[in-house]
Each structure stands twice: as structure tokens, then as C-alpha cells.
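Subject: Structure for your reading, with findings

Dear colleague,

Please find the structure below, followed by an account of what was found in it. Kindly read the account with the structure open beside it.

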Amino acid sequence: MSDLITIDMTVNGEAVSCGIAPRETLADFLRQGLELTGTHTGCEMGVCGACLVVLDGRVVHSCLMFAVQAGGSVVETIEGLSDRSAIADIQQAFHERNALQCGFCTSGILMTAHSLLSQPGVPSRDEIRDALSGNYCRCTGYEAIVDAIEVVAQRRAATPQIAEAVA
Amino acid sequence: MNAPLTDLDRPNSYIGRSVPRPNAKRLLAGRGRYVTDIVLPRMLHAAFVRSPYAHARIVSIDVDAARKMPGVRLIATGEDLAKLCSPWVGVLDHFKSMKSPPQLPLPVDKVVWSGQAVVAVVADTRALAEDAAELVYIEFDELEAVVDIDAAREPGSPVISPELGDNTCFHAKLDTGGVDDIFANAAHIVEDEFHFGRHTAVTMEPRAIVADYNATEPRLTVHHATQTPYQFQDLYARHYGIPESCVRVIAPDIGGSFGMKLHVYHEDMAVIGLSMMLGRPVKYVADRMESFVSDIHARDHRVRARMAADADGKILAMDVEDVTGIGAFSAYPRTSVVEGNQVFRLMGAPYGFQNYRADLQVVFQNKVQMSQYRAVGHPVACTVTERLVDLVAARTELDVFDIRSRNLIPDDAYPCASPTGYKFEALSHHACLAKLRTMMDYDELRAEQAELRTKGIHRGIGIAAFVEITNPGPAFYGVGGARISAQDGAILKITPSGDVHCSISVTELGQGTETIIGQIVAEHLGVDRARVKVITGDTENTPHGGATWACRGAGIGGETALQTAKKLKENVLSVAATILQEQPDRLDIQDGWIVDAATAQQRIELSEIARIAYFRSDTLPPGTQAQLTVAHHYAPQGYPFAFTNGMQACHIELDAETGFVKILKHWVVEDCGRVINPMLVDEQIRGGVVQGLGAAFFEECLYGDGGQLINGSLADYLVPMAVEMPDIDVAHVETLTMDTQLGAKGVGEAGTAAASAAALNAVNDALAPFGAALSQVPMTPVRILKALGHI
């Protein structure tokens with residue numbers, strides 16, 4: 001149980017090599033092992049979306065996989081996306097529209113927004129709400145989040161070079 | 001382009017302006033610091049062994065095997081912690097004859113709900129603590145569980161706390177007299193039995209605490225996910241016998257609270273003792289399954305109510321009986337009676353009738369504790385009242401707007417009082433009603449509804465009036481003996497660079513407290529908002545105060561900030577006048593400059609005043625002592641509460657075949673007095689509405705007959721998600737309270753107060769053509785199909 005397995009992965013652009021207990025989830029490893037506390041755990045059963053991270057280009061629940069399963073993978077957390085300004089326009093729109101209150105769900109919601117807005121086209125409000133169906137937010141009532149994502153979609157459509165620059 | 005200048009055009013005019021929250025950027029970058037994130041040197045982790053039974057005697061506890069597990073540093077039982085922690089009793093003096101048994105961090109002889117923590121295991125990691133917890137063997141002798149609120153009150157029923165005599169925590173009556181006569185002679189009597197399911201806060205961040213006891217000073221530092229750090233400083237000091245000045249409670253970023261994180265929880269109290277026993281920091285974070293069985297639940301009311309009206313639909317009286325189940329004891333320190341008390345006092349509050357009778361029974365049962373959660377009591381009182389009003393409308397063939405227009409207290413009738421004793425300074429029901437009607441295009445919606453019904457599409461429109469309790473004074477808790485402050489305090493200072501630092505006792509939970517305090521300080525001091533730094537949530541660095549609950553942050557905290565800023569401004573102008581050899585009343589501060597009050601001509605920069613005061617006091621005349629830091633407190637002294645009011649409307653579409661309801665739209669017109677930050681106020685309302693819609697359609701803690709919570713996970717307990725929620729239009733009427741200079745009242749609970757009432761009326765409007773009706777929330781598809789007679 002306590003035997004550690006050495007795992008190599010890339011997290012936020014940095015090579016990481018760590019001895020990881022097989023039972024440790026990716027979420028716990030990121031938060032405790034790498035001190036990337038921007039990823040949160042709200043339910044630890046893949047329902048609330050607070051733990052979403054980008055793994056090999058796909059948004060996944062880091063609470064639903066073991067860290068050892070991420071060996072060889074490229075992981076990006078809110079800290080990574082933030083540092084390389086990949087979601088600066090989304091963060092700005094969220095700030096302007098107050099699309100967050102306590103902020104605990106926000107990292108996961110930004111992951112969903114980043115994923116949705118990386119698709120071609122301008123999503124409708126219903127499509128945005130549908131994309132957010134795996135993200136639980138207790139504070140906002142969701143409307144401000146939908147507004148902020150909609151604004152970014154429109155801004156990116158109006159200035160395609162922004163969309164390309166952040167992709 | 002030559003529009004007249006408004007208040008918002010003045011320099012530094014921030015009150016009334018939608019400015020974003022400076023502290024939100026940190027959260028957006030993943031740089032929040034929640035208690036769940038905190039790691040301290042030598043920190044250990046606690047896990048709890050919980051009772052599988054709702055009611056059982058503890059026969060024996062065997063921890064030998066667990067103690068031998070790797071990484072285990074301590075295993076503690078109820079008896080161990082009882083040696084350190086004095087018991088607490090959740091009663092308040094002003095609830096006459098209420099009773100509740102003493103509580104300890106962990107039980108010593110019996111368990112009273114399923115999920116109750118019994119044994120604490122502390123280990124190097126949470127995983128190791130949980131490993132060891134699995135090997136703790138507790139022998140229980142199961143007792144009959146008291147689950148049902150009627151069974152609990154039957155003679156011969158098991159009594160959960162035999163020393164109390166029975167399972168009734170509190171029984172109270174209100175009676176203005178004459179109610180029987182009115183009902184005997186009324187043209188119309190409508191009545192129903194209402195059921196409100198238990199639900200719970202489901203904050204995104206679960207409860208979390210890190211206690212760090214250092215015996216050498218002695219010193220207890222608690223990093224606590226709470227909205228009320230001062231209350232907990234007092235409780236930890238008193239129950240563990242530590243001098244208050246040696247207890248520091250820090251509430252950093254809080255991942256949602258909604259009232260849930262201001263109650264005493266057994267695990268949290270235990271963690272303090274565990275840290276004292278170990279002399280090391282101990283962390284406990286509830287996981288989601290633990291949250292469902294240990295966070296407070298809310299509501300759980302059965303209300304039988306009737307309303308009498310005359311032939312014209314004029315409401316004459318209400319007669320109400322509320323029974324509420326609160327778990328095995330009353331929560332501490334605010335008690336579990338407050339919700340019932342507000343339910344039976346808020347009934348009918350928006351309306352002018354003066355005859356009222358009510359009976360409230362608060363009952364013990366073997367479930368987790370029930371206590372204050374956002375909009376305490378309001379949704380229950382509002383839903384019962386508004387449904388009965390709609391029933392009177394149906395009986396008298398009045399439109400739902402017309403019946404309310406006929407009965408709401410006139411806007412020019414204030415001040416006045418409700419039959420239950422609430423004093424209203426000034427409300428605006430009719431202005432809100434009129435605004436709502438226009439805003440939702442009511443007549444158009446009704447026409448559309450009629451047309452769609454011919455096509456087999458069943459839409460419903462429901463409206464609800466509400467009154468909300470905000471800005472509570474000491475009448476709320478202080479008079480009952482609770483050491484919960486009704487006042488707040490601020491320390492405001494000019495830094496040597498001319499920046500402004502404000503530490504204040506109201507707390508930030510994401511609603512924007514720090515932002516609005518910054519707006520108020522900046523405006524009343526006369527500086528750019530970016531130069532004001534607001535500090536909250538630390539008993540060591542802020543004055544003692546009530547903090548944020550019951551919608552008091554803006555009204556009381558905001559007034560505290562305003563008065564403090566004015567005081568500091570006087571001090572600044574006094575020094576400036578000395579330096580400039582000018583009269584202080586001829587000077588003002590604008591944009592960080594001391595200016596000529598009449599001409600706004602810049603005289604000297606605030607930073608220059610600060611430089612001289614801090615570093616060149618030798619250049620000031622003898623006897624001049626610059627006071628660039630002020631401390632100031634404010635407690636409400638006028639009305640016991642600042643009541644707010646508003647109207648909500650809900651538009652739904654019912655699928656009569658499946659029982660599914662699509663919420664199409666929701667509208668709110670709200671009057672919270674002075675709106676300090678329109679965007680933040682609207683977001684409070686929207687978030688509140690969605691919690692109310694959650695209660696209306698989804699959320700319910702379901703118990704089996706044996707007292708087991710059967711849906712205690714986020715996969716089983718439904719919360720409102722983005723796809724199910726509508727866009728919510730919000731508008732305002734501003735009736736200022738004259739009790740303060742700021743004029744602001746609270747707004748955080750308004751959305752929750754009436755959302756379920758409007759939703760219930762909307763669903764019943766859609767059910768009406770089928771001759772069906774519903775008087776229970778949540779309105780699940782199964783309940784709707786039962787109402788329709790389909791199952």
C-alpha cells in the first residue's frame with residue numbers, strides 16, 4: 001500500500017518525477033504533492049467539476065484517476081493556464097462580470113470554458129449552459145458565468161487573432 | 001451629451017457603482033487560499049469513526065488494533081475530550097422554556113444520529129488516519145430511532161434525552177385574539193397542509209479547520225472556514241479554558257458558507273482538543289459524504305395553515321400550525337429554534353391583516369442537527385402565505401396581481417407593525433408589484449399562456465411577495481445571552497505613502513464584502529478605490545464584531561465603514577489645516593488631494609500629509625499630534641431589524657406526461673435600500689434565487705424509517721445545475737433606512753426567500769387546468785405525477 005511508484009509527467013510545462021503511492025488520486029497529488037492548490041476537490045466522485053484539469057489536451061476529473069495513471073502525460077492546471085496567459089481573456093471577462101463569488105468552483109469552470117471556447121464557432125447560451133452541466137456552482141446561480149463565457153466567445157469571434165493566440 | 005451630472009459623476013463616487021471585486025483576480029488565477037489548502041509544519045490529520053446507527057448506546061470502544069497502524073499519533077474518544085472541553089447547550093433565554101441536552105465534542109455514552117462522529121483518529125496523513133479508523137471497533141446497542149415529527153411527540157415514544165422529559169425542544173403560540181370568530185364568519189376560507197423537505201447548504205468547499213495549539217505561550221491559532229471568527233474565538237476560549245487573548249481565529253478565503261459555517265460542529269470542537277493533546281497542528285476537512293451527515297440541514301417543516309378572506313378577497317386572518325424537526329439537540333450557539341420562530345412570525349408579513357394565530361412546535365428526532373441556513377424561515381413562511389393568497393384569488397376569481405394589490409400593506413402606511421410584532425420602517429410592496437408586472441410583461445405572458453394551452457402546452461406563472469429580515473440588532477441573539485455581537489468595528493489608517501488600510505469585522509465569503517467596504521471608505525474619505533486595502537477575517541488583526549450573517553454585512557458593516565471614514569477624514573483635515581494654516585471646514589479631500597472645499601483647487605496631496613505626520617512631525621506646530629489611524633464601532637440602535645421587501649415571479653413549462661418542469665424565466669424586484677454595488681447586489685439575488693429553486697425542485701435529504709440518510713452524496717442529492725436554471729431578471733426599488741447614514745439594508749437572502757414560493761405558485765398555475773395541486777417542496781416529477789393522478 002505504501003510502496004511508491006516513480007512516475008514522470010509534465011505538469012504546467014515542467015518535468016516532474018515523483019514517488020507516488022498507487023492509491024493517491026491525481027487531484028491529491030497535484031494539491032499536496034505539487035502544492036498546486038488551485039485545483040479543488042468538492043465531491044471526490046466526479047460530479048462537481050471543481051477538480052477539472054487538462055490532461056493530454058482533454059479536460060478530465062483529476063479526482064477520478066490515480067496519479068500513477070498520469071505517468072507520461074502532460075497535465076495543465078489553472079496555475080499553468082494562468083501563467084501562460086492562455087485564458088487571460090476568460091479570466092478578465094469573469095472578473096468584469098463577477099462570474100464567481102467564493103471562487104472554489106472557478107478553476108474547474110475555467111477549464112470547461114477554456115475547452116468550450118477552444119471549439120470553433122460561437123456557442124449559444126443553451127450550449128454554454130449544456131457545457132457547464134458538469135460544473136456545480138453554489139454561489140452565482142450560473143447566469144453571470146454564462147454571460148462571461150458568451151462575451152469571450154463573441155470577442156474571440158470578432159477578433160480571430162485572439163483566439164489563435166491563446167489556443 | 002449634456003446630461004445632468006449625477007452623484008456618480010463626483011470624484012471618488014463609488015456608492016451605487018458596479019465595480020468588480022479586486023480580490024476576485026486571485027481566485028481566478030487559482031491563487032485563493034482556502035483552509036483546505038493550508039499546510040503547517042508538523043501538521044497531522046484527523047479522521048472520525050462515525051455511528052452507523054441513528055440511536056444507540058455505546059457499549060464499548062476498542063482502539064488497540066487501530067493504534068498499532070502506521071502513522072497513527074493519537075486516538076481520542078468522547079471521554080478523552082470531555083476532560084478538556086466543557087459541554088455546551090444550544091438554548092437562548094428569550095425563547096422561553098426551550099430546552100436542549102448538553103453536548104460534547106464526541107459522545108460518551110450514546111449516539112443520537114446516523115453519521116455522528118464517535119472516535120477521532122489522528123495520523124500523519126488523512127489516508128493513514130482513515131486506514132486506522134477502519135480498525136476501531138465500537139460495540140453499539142441499537143435503540144429505537146425517533147424519526148417522524150408526529151411519532152416523536154406521541155406518549156410512549158422513546159425520549160432521545162430522557163433528562164428533558166420529552167422530545168419537544170420548544171413550543172410557542174402567538175394569538176392576537178378573535179381568530180375563531182373571523183373564521184366562523186368569513187366569506188372564504190382556504191387551507192392546506194404544506195411540507196418542506198430537509199435540505200442542506202452543499203457549499204463547494206466542505207467544512208475545514210486547522211487547529212494549532214502551542215502550550216508554551218499558550219496560544220491557540222485556528223484556521224477555520226467560517227463566516228464568524230469572533231464567535232468561534234469566544235467559544236474556543238470558553239469551552240477549552242484558554243484566555244480569549246490567546247485564541248486567534250483566522251478565516252481566509254471561504255468556499256461558500258450560506259449560514260452553514262457559523263454553527264458549532266462536533267468535529268471542529270474535537271480538533272481543537274486534539275491539537276491541545278498533541279501540541280501539534282491538526283487538520284480536518286469534511287469529505288462530501290461526511291458533509292451530508294454532519295453539516296446542518298435546514299427547513300423540515302410541516303405547516304397546516306388557513307386563511308380567511310371576505311367576499312371581496314380582502315384577507316382577514318391567518319391560523320397556522322408549524323411543526324419542525326431539528327435533530328437530536330438544538331444547534332449551538334444560535335439554537336435551532338430561530339428558523340421556526342421566523343417561520344411563524346413572518347407568515348403574512350407583506351399583508352395588512354391584523355388577526356393572526358400560530359402554534360410552533362420544535363421537535364427532537366434522531367437526525368443530524370437542523371439550523372440556520374440562508375433565508376432562515378423565510379421560504380417556509382413565504383410559500384405558505386403566497387400559496388394561500390393564490391387560493392383566495394382563485395376562490396374570489398381575482399387575478400394574482402389584483403389580490404395582492406388589494407391586500408399588500410400600502411406604501412404610505414409606514415411605520416407600522418405586523419400582527420406578530422415585527423416593526424416595519426418603510427416598505428415598497430406596491431411599487432415592487434407594479435415594477436414586476438411591467439418587467440415581466442405580465443399581460444402578454446398570460447395571453448401567450450392561454451394560447452399555448454390550446455396547443456397542449458402547459459405553462460404556469462407564479463408570483464410571490466416577501467419581507468426579509470436584515471441588519472439585526474442585539475434583539476436577535478444578544479438579548480438571549482449569546483455572546484454574538486450585533487456591532488461591528490473598523491480600524492482605518494492612512495499609511496505613510498498615503499494609501500488607506502481598513503481592517504473591519506465583517507467577513508468576506510465571496511459576496512463582495514471587501515469590495516463594498518472599499519467603495520464606501522474611498523467615497524467618504526475621498527481617495528481612489530485602488531488605494532484602499534480592506535482586511536477581514538482575522539480576530540487578531542480586526543476589531544471584534546458580529547461579522548457576516550443575517551444580511552448584516554452591507555447595512556451594519558457598511559455603516560461602520562462610513563462612520564469610520566468620516567472620522568478619519570476629520571483627523572486628516574485637522575492636520576492639513578494646521579499645515580496649510582486654513583480652517584478645516586474649508587478643506588475637503590478629493591482623489592487623494594486636500595482641496596479647497598469651495599473650488600476643488602488642489603492644495604496638498606494626502607501622501608504629503610502622511611509623510612509629514614509620520615516622518616517630519618518636527619515641522620508641525622507644538623501640540624499637534626496627527627491621528628491618522630482611527631478605530632470606530634457601530635451598532636444598530638433604531639429599529640430592531642431593517643426589513644426589506646420585494647416581489648418575485650417564476651415562469652415554468654410543465655410536461656404533464658413526465659412530471660418534468662422546465663423553468664423558463666425568473667424575475668425579482670427587490671428593495672434593499674441603498675444599492676452600494678448594483679452588480680454585486682444582483683448577483684446575490686441571482687445566487688439566492690437559484691438556491692431557492694433548488695429547494696423548490698431538487699434538493700431534499702431523504703431518510704429511511706430507521707433514520708438513515710439515503711441520498712447523502714452529490715450523485716444522489718440533486719443540486720441546481722446550469723442547464724436547469726433560467727436567466728433571472730433583477731430590478732430595484734430603493735427605500736433607504738433612515739436608521740443609518742448609508743441607508744443600506746441587506747440583500748443576501750432575498751432571492752432565496754421567495755423563489756420557491758413563486759415556483760410553487762407557477763407549478764400550481766400550470767396544474768390548475770388538470771384540477772391538480774401541490775403543496776410540497778421539492779416538487780419532484782414523482783410528486784407532480786401523483787398530483788396529476790398519473791401514479
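This is a predicted model: local features need pLDDT of at least 70, side-chain atom pairs count only at pLDDT 80 or more; totals for chains, interfaces and linings use all residues.

Beyond its neighbours within four places in sequence, V152(A) is in contact with D89(A), I90(A), A93(A) and L117(A); two residues are in contact if their C-beta atoms, placed from the backbone, lie within 7 Å. V152(A) belongs to helix α6 of chain A, residues 143–158. Helices (H or I, at least four residues) and strands (E, at least two) are DSSP runs, numbered from the N terminus. V152(A) counts as buried because it has 26 C-beta neighbours inside 10 Å. A residue is buried if 20 or more other C-beta atoms lie within 10 Å of its own, exposed if 12 or fewer, and partly exposed in between, with C-beta atoms placed from the backbone.

Residues are numbered from 1 along each chain as its sequence is written, and chains are lettered from A and ligands numbered from 1 in the order in which they are written.

The domains of chain A

Chain A is assigned domain 1 (5–81) and domain 2 (85–166); such bounds come from an automatic or database domain assignment. The C-alpha centres of these two domains of chain A are 22 Å apart. Each side brings residues to the contact: 14 from domain 1 of chain A and 14 from domain 2 of chain A. On the side of domain 1 that touches domain 2, β3 (52–55) and α2 (78–83) of chain A each supply at least two residues. The most comes from β3(A), with three residues. By class, that side of domain 1 of chain A has nine nonpolar, five polar and no charged residues. Here Ala, Val, Leu, Ile, Met, Phe, Trp, Tyr, Cys and Pro count as nonpolar, Asp, Glu, Lys and Arg as charged, and the others, Gly among them, as polar.

The contact between the chains

How many residues of chain B are in contact with chain A? There are 43 residues of chain B in contact with 41 residues of chain A. On the chain B side, α1 (24–28) and α17 each supply at least two residues, and α17(B) gives the most, with seven residues. The residues on this side of chain B comprise 23 nonpolar, nine polar and 11 charged.

Two helices of chain B

Two packed helices are described by the angle between their axes and the distance between the axes. In chain B, the axes of α17 (residues 678–697) and α18 (residues 750–767) come within 7 Å and cross at roughly 40°. Axes are lines fitted to C-alpha atoms, for helices over the stretch in contact, and angles run from 0 to 180 degrees between N-to-C directions. The helices α17(B) and α18(B) are therefore oblique to each other; angles under 35 degrees count as roughly parallel, over 145 as roughly antiparallel, 65 to 115 as roughly perpendicular and the rest as oblique. Between α17(B) and α18(B), the contact has 10 nonpolar, eight polar and one charged residues.

A further helix of chain B is α12 (residues 429–439), whose buried residues are H429(B), C432(B), L433(B), K435(B) and L436(B). Among the elements of chain B against which they pack are α11 (400–407) and β18 (458–470). After α12(B) comes D441(B), with a positive phi near 55°.

Backbone details in chain B

Most residues other than glycine have a negative phi, and most peptide bonds are trans. Which peptide bond is cis, with omega near -10°? That bond runs from E217(B) to P218(B), and P218(B) is in the loop between β9 (208–214) and β10 (219–224) of chain B. Another cis peptide bond, with omega about 0°, joins Y414(B) and P415(B). The loop that holds P415(B) lies between α11 and β16 (416–417) of chain B.

Q581(B), which is not glycine, has a positive phi near 50°. This residue, Q581(B), sits in the loop between α15 (553–580) and β22 (587–590) of chain B, and Q581(B) counts as exposed because it has 7 C-beta neighbours inside 10 Å.
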